[in-house]
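Dear colleague,

I am passing on the structure we spoke about, and below it you will find notes on what was found in it. Please keep the model open beside the text as you read.

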Amino acid sequence: RRGGGKVGFGPWVSGTAMMVAPLLASHVHNGATEALWAAPAVWSVWMFWRAATRPGVAYGLWASVALVVATVCHIESGFVAAVFGLSLTILGAGGGVATYTWRRWWPLVTSFALAGYSVWAVGIVLGADDGFSGQDSAASIATILRTSGAADPLSYLWPGSHWSPDFRITSDDGERFMHVHYLGFISLGLGFWAWLRRRRHTGFLIAGGAVCLVLSLGPVLMHAARPVLMSGELAVPLPYYLLEAQIGFQRIDATWNFSLGPVLCLSLLGGLAVDLRGKRLALLAVALLMFEARVISPSSALPGTLSTVPEASILALKRAPPGAVINYPLLAARSYLAEQSVHGKPVAGTPTEVANPQAKRLWARMLAEAHSDPDTFHRAVSTTAERLGIRYLVIHTDPDAPPDIYTTMVRELEMLFGVPGWGSGQTRVVVLW
């Protein structure tokens, strides 16, 4: 905030650029917590800047704490903060050659040590046999990084209705995810102006943003969720290829989240560009940033509002007798947990899967008895559901959901068990016992 001298209206421009960034808009659309964990990364970079400009024990400890918080909240956010911290330590806050003394380096060394320990500890918890959030295998992560997990370099600059990867085409599950990391020509223009105006204050920002941008592209060059091939067989290797198997990087399956780095870089540079240039210029910059985000950016196609009025059946479910709920279709990126905040019933799922082990047992029993006579099917489903404590099946009308192995069976369940008057509508509730 004060790195470029006196404080004018620059912080307002930086804050606006960050908040309307297409990257954060896509995180909000995806329902991803990365939209929240950008804040700890910004705080961590600020603490590193404090430690670099005012070396001392207090700011050094705060930098360590901030990096640990950012890393525990989200490993990619912690990594982005660490890159900027390293850039600050090497280049200094003024862009000149830093004095390589222990006083300057100890906050970085301490921060990295504590953050590394945090990653190791969290990895043990997530990798536990009874953990609710399982880990993908190394082969699965490698596949994701070579399909939908890496950033497409063209998407940083391509405006309009450009989504890469486009999950409407690549997903077999009707996923509605959007990966938008468009930087915007207004932010790029302000960043270039800041570099021309205040080069001595922009070195660490440009270096940190550039490193994050390159690493966001993943281990190989990608376009439209496919590797760019040379001679028909060989993919174009990138620097992250040397890191993906190293400790601390093995669990990262979405390097496109590193695009937070260039977004943070350009946001701060935008503030430096117009700081102390008067209120009118700052307001013009804010207006242009908001216009591009709402009209030109790929994120402009995302819905600006979302109805939060729950279905009448979900409201009525709140007053129904106790019992757990299973949801259909069994697809990710749906509002099932938001509905739970309304009906208040336990949901037989996990934060990462629609069905937990109990729900999977019930679905398996349903499939096994699907070809039995109606009475046997009804009795088998009802007794199994009661034993597992699952009382309600909530059926959602989802135009993006393709038919699956449960579709026909769910229709039979709906006809066999019936839908109570309070459970009818676009979202229907079937009482299993």
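Which helices each supply at least two residues of the lining of the largest cavity? They are α11 (260–274) and α12 (279–296), where helices (H or I, at least four residues) and strands (E, at least two) are DSSP runs numbered from the N terminus.

Before going further, please bear in mind that this is a predicted model, in which local features need pLDDT of at least 70 and side-chain atom pairs count only at pLDDT 80 or more, while totals for chains, interfaces and linings use all residues. Residues are numbered from 1 along each chain as its sequence is written, and side-chain values use heavy atoms, with hydrogens and water left out.

Confidence and overall form

The protein chain has an average pLDDT (the predictor's confidence in each residue, from 0 to 100) of 86, and 92% of the residues score at least 70. Among its elements, the lowest mean, 71, belongs to helix α8 (residues 167–170), and the highest, 95, to strand β6 (residues 390–396). Where pLDDT is low, the predicted coordinates should not be read in detail. The secondary structure comes to 17 helices and seven strands, and the C-alpha atoms fill a box of roughly 80 × 55 × 45 Å along the principal axes. Of the 433 residues, 45% count as buried (under 20% relative accessible area, with exposed over 50% and partly exposed in between, for a 1.4 Å probe and protein chains only).

The cavities

The structure holds three cavities of 30 Å³ or more, a cavity being a set of points, on a 1 Å grid over the protein atoms alone, where a 1.4 Å probe fits but cannot get out; the volume is the space filled by probe spheres set on the points, which are joined across faces, edges and corners. The largest cavity contains about 140 Å³ of space. It is lined by 14 residues (those with an atom within 4 Å of a point), and the closest to its centre are Ala-17, Ala-21, Pro-22, Leu-183 and Ser-187. By type, the lining has ten nonpolar residues, three polar and one charged.

The salt bridges

Five salt bridges were found in the whole structure, each a side-chain nitrogen of Lys or Arg within 4 Å of a carboxyl oxygen of Asp or Glu. One of them joins Arg-146 to Glu-244, with the closest N and O atoms 2.7 Å apart. Because Arg-146 lies in the loop between α7 (138–145) and α8, and Glu-244 in the loop between β4 (234–235) and α11, this pair ties together parts that are 98 residues apart in sequence. Arg-146 is partly exposed at 22% relative accessibility, whereas Glu-244 is buried at 17%.

Another salt bridge links Glu-414 and Arg-428 (2.5 Å, N to O); Glu-414 lies in helix α17 (residues 407–417) and Arg-428 in strand β7 (residues 427–431), so parts 14 residues apart in sequence are tied together.

Around strand β6

Strand β6 is largely enclosed by the rest of the structure, because seven of its seven residues are buried. Five bridges join it to β5 (residues 324–328), which runs parallel to it, and Asn-327 has Val-394 of β6 as its bridge partner. Five bridges also join β6 to β7, in an antiparallel arrangement, where His-396 is partnered by Thr-427 of β7. Two strands count as paired if DSSP finds at least two bridges between them.

With best wishes

Key: 1 Å grid on protein atoms, 1.4 Å probe; cavity = no way out; pocket = protein on both sides within 12 Å on 5 of 7 lines; lining within 4 Å. Nonpolar A, V, L, I, M, F, W, Y, C, P; charged D, E, K, R; others polar.
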